[in-house]
Amino acid sequence: MDYADLLSKIEIFFSEVCYSALLKAVQDREALVVEFSDIEKFDVDVADCLLDGPDEFFKAAEEAMRNVDVGEELESQIYFRVSGLPESQTVSIKNLRSKHLKKFIAVKGIIKQASEVRPEIVLATFECRACGERIMMLQEEQDLTTPYMCECGNKRGFEMVERKMVDIQRLEVEESPEALEGSAQARKIGVYIKNDLVDPKFQKRVVPGSKVVITGVLDDVPIKTDKGKESKRRDIYIDGNYVEPIEFEFEDIEVSPEDEKKIKELAANPKIYDLLADSIAPSIYGYRDIKQAISLQLFGGVRKKRPDGVVTRGDIHILLVGDPGSGKSQLLKYTSGLAPKARYVVGKSASGAGLTATVVKDEFMKGWALEAGALVLANKGLVAIDELDKMSTEDRSSMHEVAEQQTVTVSKANIQATLNAQTTILAAANPKFGRFDPYQSLPEQIDIPDTLLSRFDLIFPIRDEPNKEKDTLLVRHILKMHENPEIQNPPLDSETLRKYISYAKANVKPKLTKPAQVVIEKFYVGLRSKYAGGDEVSPVPIGARQLEALVRLSEASAKVRLSDTVKKEDAQRAIKLLTDCLMQVGVDPETGKFDIDRLESGTTSTQRNKIKIILTLVSEMQKDSADKSVLIEDIKAAAEEQGLEDAEEIIQKLKREGELFEPKHGHIRRV
């Protein structure tokens, strides 16, 4: 088809097929977005021209748009955008080849990096200094193109007097995790977007971490050698025509009417919670409570936004702490494979920037660009973090904001940005000394700050204890798996489980009923009042964060039943899970009572009371001492009179923490 025929047909298309959409675009000063299927229905040859010769097609479309009578003269250009390319024209980033150059294609992926918006010259007018002749030149190359020679014979002395500029932004798009095969590395490609695609309204679509479908023309650019010359090799990029945001979350998995019927039958099964627990990592024996907690984590609670702007997260965070070889990593791997938008990271090889976001130097735009990390890329998904205790303190501190506020705030170089990170966290850690010790507090055993520990709704210790009956069942299970590794018959296969969770998350938003509220209130108030001693050193069994965890777990339990209301049984199930956790890691071994401080800070109320006695004794005895130091033996004797037998241990602890110091042997004083 020659250019004249193509122009004529596109004019007819604008006048007859999408005239009303064109009028609206002119009135709203917005781009005209047309579905590819509409062009194909109008004329297959025109659609083929778009796919095989997009440069000529868009040139004709621009001219045709000016020729169509829209009732008013166009003050500015209306840009023509095409979306909805068929699967045959959607190419995986790793499969882009030379045959796709100068073709109109679509790619799917995650925006990994977005540069700043910068102006670019597209048309420049040069004036000859010898005769004053003006020469207009289109700027289609990477470098600025200047006139070679004027009509008067002048080859030098051209001055740019006018220029037409457009705004441009470079995106770096990475393949989606679900498109990868095995452990393949995700490939990336640069995408340039211009004009209306960089408007402030449109910028919400191109935030790092967003999943998008980009339509555009694949083009190439020369790769320069070390000496600045062009090499034979070329780099490729996409000249973006349209950016369409998509989200592959649990809610977006397609569920057919047959699937829906099966899901509703499962939800009505009274043993559904046991079926779910048995379907989580079926090759790993035992851990029923942990598997049930992970199944509730996948369903999640309900995110709530208050009128005052305060947001309460619905995501449930779980931490597994336990002995080596207990299957923690396998649980994490399975869960990250089950969730459609999930990332698996290992603490030793993960940095704070890799987890949250960072600002990197953009070599193409010569500025700074924002690059999203795992927690942002998995927005509305799940991140499994193995070896959490092996991360450095600085890297772990970046997780605090994500775990509670569910945002990532970046203030680096000249970039100020807040990214969404509504991400569920499933983490695993090993105790410092190899095995979990039930008589030591959790913060003493794992190198994780108490401020981060308190953000986990459930913390499960995994202990490898010799037990003849359990060991026999475990050995038989493992040997059976080795004998026939292909035989696995979980009650729900991964695909069914994924669709079940998808349907529940998309359609069910349960609300607390009065009976459920009464159960939670009775548990919370009853437990706290049981330990209320009227003094400042009374143990605090549970706090407000555990109360919110109960609500989230109750809502997740209701989602499993596809119920719009949280019932009494849901609240009781949540209380049982939380109590099981607290029984293992939140009980003060000296008193046998629940004490949330043992879990979150490592110092129980009993220990705080002992510390207070020692510090008070030191302060009082210092007053009578000339050099303000006190004999350690005197402190121990005074402490024994008050019933404190482990004064030596408390003094050593206070010396390590910097509260006391030893000015000379056998003497101490307060700092």
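Aspartate 315 sits in the loop that links strand S11 (311–312) to strand S12 (318–322), where strands are DSSP runs of E with at least two residues and helices are runs of H or I with at least four, both numbered from the N terminus. The model is predicted, with local features requiring pLDDT of at least 70 and side-chain atom pairs pLDDT 80 or more, while totals for chains, interfaces and linings use all residues. Residues are numbered from 1 along each chain as its sequence is written, and side-chain values rest on heavy atoms, with hydrogens and water left out.

- Aspartate 315 is buried but has no salt bridge, and the nearest side chain of opposite charge, that of lysine 505, is 5.3 Å away; buried means under 20% relative accessible area, exposed over 50%, and partly exposed in between, with a 1.4 Å probe and protein chains only.
- A salt bridge requires a side-chain nitrogen of Lys or Arg within 4 Å of a carboxyl oxygen of Asp or Glu.
- With residues up to four places away in sequence left aside, aspartate 315 touches Gln406, Gln422, Thr423, Thr424, Asp457 and Arg552, a contact being heavy atoms within 4.5 Å.

**Salt bridges**
- The structure holds 25 salt bridges.
- One of them joins aspartate 219 to lysine 102, with the closest N and O atoms 2.9 Å apart.
- Because aspartate 219 belongs to strand S8 (residues 211–224) and lysine 102 to the loop between strand S2 (80–83) and strand S3 (104–115), this pair ties together parts that are 117 residues apart in sequence.
- Aspartate 219 is buried at a relative accessible area of 15%, whereas lysine 102 is partly exposed at 39%.
- Aspartate 278 and arginine 288 also meet through their side chains in a salt bridge (3.5 Å, N to O).
- Aspartate 278 lies in helix H7 (residues 272–279) and arginine 288 in helix H8 (residues 288–299), so the pair ties together parts 10 residues apart in sequence.

**Sheet and chain totals**
- Strands S23, S25 and S24 form an open sheet in the order S23-S25-S24 with antiparallel pairing, two strands being paired if DSSP finds at least two bridges between them.
- The edge strands, each pairing on one side only, are S23 (630–631) and S24 (660–661).
- Leucine 631 stands opposite histidine 667 in S25.
- The chain contains 24 helices and 25 strands, and buried residues make up 48% of its 671 residues.

Key:
Lys, Arg positive; Asp, Glu negative; His and termini not counted.
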